[in-house]
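User: Please guide me through this model step by step. How many salt bridges does it count?

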Amino acid sequence: MESSEKTEEEKVVNRPQKIAGTVNWGAATVIGVFAGLLYGGSKEAAASVSKDAEVMLKLGSTPDKREQYRLMRDAMEKRFIRVTRGSIVGGIRLGMFTAAFYGLQNLLAEKRGVHDVYNVVGAGSATAATFGLIMPGSLHWRARNVMLGSALGAAVCFPLGWLHLKLVEKANEGSGTTDGNEVKGGVGAAIERLEEHLNK
């Protein structure tokens, strides 16, 4: 019985501590997917307004009620399909971009051992370059998109990364305490009790 307990203890792997300021990759990806769903669906819904006007013109010129009903049903089905397709495509695109960006950012922070603005710039540049590469077009056009995406990704991510790091520093400044025996409450205390129990 004791030998089985020892083997279970040996299976426990010490995971490295998460570097302060890094973002949870899974949560960021889910948020990116939902934001893409909303953006893609709303973009397609706004674009289908002009097509609805065409249907209304056809309805006005058709005296038969059954034909009007058929036209209206077809228009609604097409609009639903357009909005649904736009939502799915938008969710996949933004979700993939978010997953790649935060995955690269966390990978760079883990490999370098520090979370700074260069991780954000590197992840933004590499992600934008990758998405520039997969866009349709000739090899020359894709090479142009890679260079442009790399430069634009770095230029956009530098001030955003700097702002993010300053906000993280400010948040850590307010939560820092000098007393090592601080009593924690809520979820943090429950997690620490669970860790202490597992380490026994």
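Analyst: A salt bridge is a side-chain nitrogen of Lys or Arg within 4 Å of a carboxyl oxygen of Asp or Glu. The model is predicted, with local features needing pLDDT of at least 70 and side-chain atom pairs pLDDT 80 or more, whereas totals for chains, interfaces and linings use all residues. Residues are numbered from 1 along each chain as its sequence is written, and side-chain values use heavy atoms, without hydrogens or water. By the salt-bridge rule, the count is four.

User: Which residue forms a salt bridge with Asp74, and in which helix do both lie?

Analyst: The closest N and O atoms of Asp74 and its partner, Arg70, are 2.8 Å apart. These two residues are separated by four positions, about one turn of the helix. Helices are DSSP runs of H or I with at least four residues, numbered from the N terminus. The partner is therefore Arg70, and the helix that holds both is H4.

User: How are H2 and H4 oriented to each other?

Analyst: Helix H2 covers residues 25-47 and helix H4 covers residues 65-112; their axes, lines fitted to C-alpha atoms over the stretch in contact, come within 6 Å. The axes cross at roughly 150°, on a scale from 0 to 180 degrees between N-to-C directions. Angles under 35 degrees count as roughly parallel, over 145 as roughly antiparallel, 65 to 115 as roughly perpendicular and the rest as oblique. H2 and H4 are therefore roughly antiparallel.

User: What orientation does H4 have to H5?

Analyst: Helix H5 consists of residues 117-133, and its axis comes within 8 Å of that of H4. The two axes cross at roughly 140°. That angle makes the orientation of H4 to H5 oblique.
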